[in-house]
Amino acid sequence: MRLSFKNNYQCVVRLNKPISRMSTVHTQNNSTRGTHVNKEEPFGKKPLNVLEKIRDNLERLNDKMEVMIELQKHGRKDLGAPLTDAPLDVMTLLSMPDHLRKTAMTICRCGRATAEEISVQTTRARAVESAYLNQLVIMGYLKKERKGRKAYFYADRETQG
Amino acid sequence: MEMGKIIAVHSYKGGTGKTLLSVNLATTFARQGKKVCLFDLDFRAPSLFAILNMPKADCWLNDYLNGTVDIGKVLIDMSSKVPGNGKFFVGFANPATEAIRDMSAKDRKWEMHALGRLLSLRNSLLNEKGFDYIVFDTSPGLQYSSINAIVTADFVAVATTGDRSDVDGTRRMLRELYNLFEKKTGLVINKVLDATALSKRQEMDKKVREVYQVPMLGLVPCFCDILRAEGGLIFVRDKPDHPFTKILDEMAKKIEKNEIC
């Protein structure tokens, strides 16, 4: 696992080694001591779960950092007071600043998408889209849902309607 | 394989020829063998019902946007009315006074749902049912339903005339609405006097780029035949050799080949 710092605010986590390879290393070390170790799961599932939890938490932290960076970049004026389930209609789209409108319109077209998928359409960096999407979540226009490592964003037309 | 396109026909003022353009553009695509769907999104003044001589419909676009029926129930197959192998489906707006009043009183949340329903047509009609074109005939001005149609569309044909208030309003609308949505737009100048002269066409083309700062999709002369028909003819079907039909063919070609940019 490698922790790298892109800037003062952003912390990115990379898992360079697959878990199975890490397991092999431990198995070899332990086998020299002559103890019986399960080759598949040397320490059981717990360390793996802990690592995954750390990774998820760091990713959440990363998302929040990205929002903070964007807020500093554009100032809080874009954000306004957080709203609950604000309708993402065309008039709202018109009143948005340009950078957020582009993201909001793309998510309207896609329905449900990750920051990565949105960034392909807008040709902006994934981290930038992630920040804008999180900003729209805070503003109450979008909902965010995590499935494993991926965060999905969508306009929840059912609860907003 | 290239995916189908959604085209919205819009204008700042009424009476600029949006419906004439929508019906004839959709029919032109159908004549060329395409699978086309024409929607009447002018809920305040529905007109396709009368123009296409439809005796009755069981379900309306109003019902689809209200979320009470699927789009399949709204579409009426009118392919037999168009020559050639193309497919021509129409979704009508309910012309009843009560329905018009109901649509005029919708709130923002309903409009947000309506936008979602319009956006989902891309998947249900273009992706799943293999339509080549969806043409939206919209209300004039900045109505909610029209802006929803513009947001949904891939390309917007804006109809305008030489009327001073129309020119001014269209210019503002293009700058303050279309630019914000980064829409691919083409301008159709309708009811132009002396439009057959090459010098006039060149002058208009230059004027369009200067005044509106968008490319010109077409220049339609003021045809007495169109006025005389009183909305009873689909020109590209009934008058295949008429100059208007040729102009529509050129417009369809420009849209198909993405020559407007």
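## Burial in helix 6 of chain B

A residue is buried if 20 or more other C-beta atoms lie within 10 Å of its own. In this predicted model, helix 6 of chain B has buried residues at Glu111(B), Met112(B), His113(B), Ala114(B), Leu115(B), Gly116(B) and Leu118(B).

Helix 6 of chain B covers residues 108-119. Its twelve residues should span 16 Å at 1.5 Å a residue, and the end C-alpha atoms are 16 Å apart, so the two values agree.

## Helix 1 of chain B

Helix 1 of chain B is mostly covered, with 14 of its 14 residues buried. Its length also fits expectation: at 1.5 Å a residue the 14 residues should span 20 Å, and the end C-alpha atoms lie 20 Å apart. After the helix comes Gly33(B), with a positive phi near 90°.

Helix 1 (residues 18-31) packs with helix 13 (residues 243-256) of chain B. The angle is about 70° and the axes are 9 Å apart. Helix 1 of chain B is therefore roughly perpendicular to helix 13 of chain B. From helix 1 of chain B come Asn24(B), Leu25(B), Thr28(B) and Phe29(B); they meet Leu248(B), Asp249(B), Met251(B) and Ala252(B) of helix 13 of chain B. By class, this contact holds five nonpolar, two polar and one charged residue.

## The sheet of chain B

Chain B has an open sheet of eight strands. Their order is 3-4-2-5-1-6-7-8, and the pairing is mixed. Strand 3 (76-77) and strand 8 (216-221) of chain B are the edges, each pairing on one side only.

Strand 1 (residues 5-10) and strand 5 (residues 133-138) of chain B run parallel, joined by five bridges. Lys5(B) has Tyr133(B) of strand 5 of chain B as its bridge partner. Helix 8 (residues 144-152) of chain B packs on the sheet. This helix touches strand 1, strand 2 (35-41), strand 5 and strand 6 (155-160) of chain B. The direction of helix 8 makes about 145° with that of strand 1 of chain B.

## Chain A in outline

Chain A contains seven helices and five strands. From the N terminus, the elements run β-β-α-α-α-α-β-α-α-β-β-α. Of the 161 residues in chain A, 20% are buried. Take the contacts in chain A between residues at least 6 apart in sequence: 54% of them join residues at least 24 apart.

## Helices 4 and 5 of chain A

Helix 4 of chain A packs with helix 5 (residues 115-122) of chain A at about 110°. Their axes are 10 Å apart. The angle makes helix 4 of chain A roughly perpendicular to helix 5 of chain A.

Helix 4 of chain A contributes Lys102(A), Thr103(A), Thr106(A), Ile107(A) and Cys110(A) to the contact. Helix 5 of chain A contributes Glu117(A), Ile118(A), Gln121(A) and Thr122(A). Three residues in this contact of helix 4 with helix 5 of chain A are nonpolar, four are polar and two are charged.

Leu142(A) sits in the loop between helix 6 (126-138) and strand 4 (143-147) of chain A. It has 22 C-beta neighbours inside 10 Å, so Leu142(A) counts as buried. Setting aside residues up to four places away in sequence, Leu142(A) touches Ile107(A), Leu133(A), Leu136(A), Val137(A), Phe153(A), Tyr154(A) and Ala155(A). Leu88(A) is 54 residues away along the chain, yet its C-alpha atom is 8.0 Å from that of Leu142(A).

Strand 4 of chain A has five residues and the number buried is zero, so this strand lies largely in the open. Strand 4 of chain A pairs with strand 5 (residues 150-154) of chain A in the antiparallel sense, over five bridges. Within that pairing, Arg146(A) stands opposite Ala151(A) of strand 5 of chain A. The hairpin has two residues between the strands, and Gly148(A) takes a positive phi near 65° there.

## The interface of chains A and B

Contacts between the chains involve 13 residues of chain A and 14 residues of chain B. On the chain A side, the elements giving two or more residues are helix 3 (90-95), helix 4 (98-110) and helix 7 (157-160) of chain A. Helix 4 of chain A supplies the largest share of that side, four residues. The side of chain A that touches chain B comprises seven nonpolar, two polar and four charged residues.

Terms used
Residues are numbered from 1 along each chain as its sequence is written. Chains are lettered from A and ligands numbered from 1 in the order in which they are written. This is a predicted model: local features need pLDDT of at least 70, side-chain atom pairs count only at pLDDT 80 or more; totals for chains, interfaces and linings use all residues. Two residues are in contact if their C-beta atoms, placed from the backbone, lie within 7 Å. Ala, Val, Leu, Ile, Met, Phe, Trp, Tyr, Cys and Pro count as nonpolar, Asp, Glu, Lys and Arg as charged, and the others, Gly among them, as polar. Axes are lines fitted to C-alpha atoms, for helices over the stretch in contact, and angles run from 0 to 180 degrees between N-to-C directions. Angles under 35 degrees count as roughly parallel, over 145 as roughly antiparallel, 65 to 115 as roughly perpendicular and the rest as oblique. A residue is buried if 20 or more other C-beta atoms lie within 10 Å of its own, exposed if 12 or fewer, and partly exposed in between; C-beta atoms are placed from the backbone. Two strands pair if DSSP finds at least two bridges between them. The expected span of a helix is 1.5 Å times one less than its number of residues.
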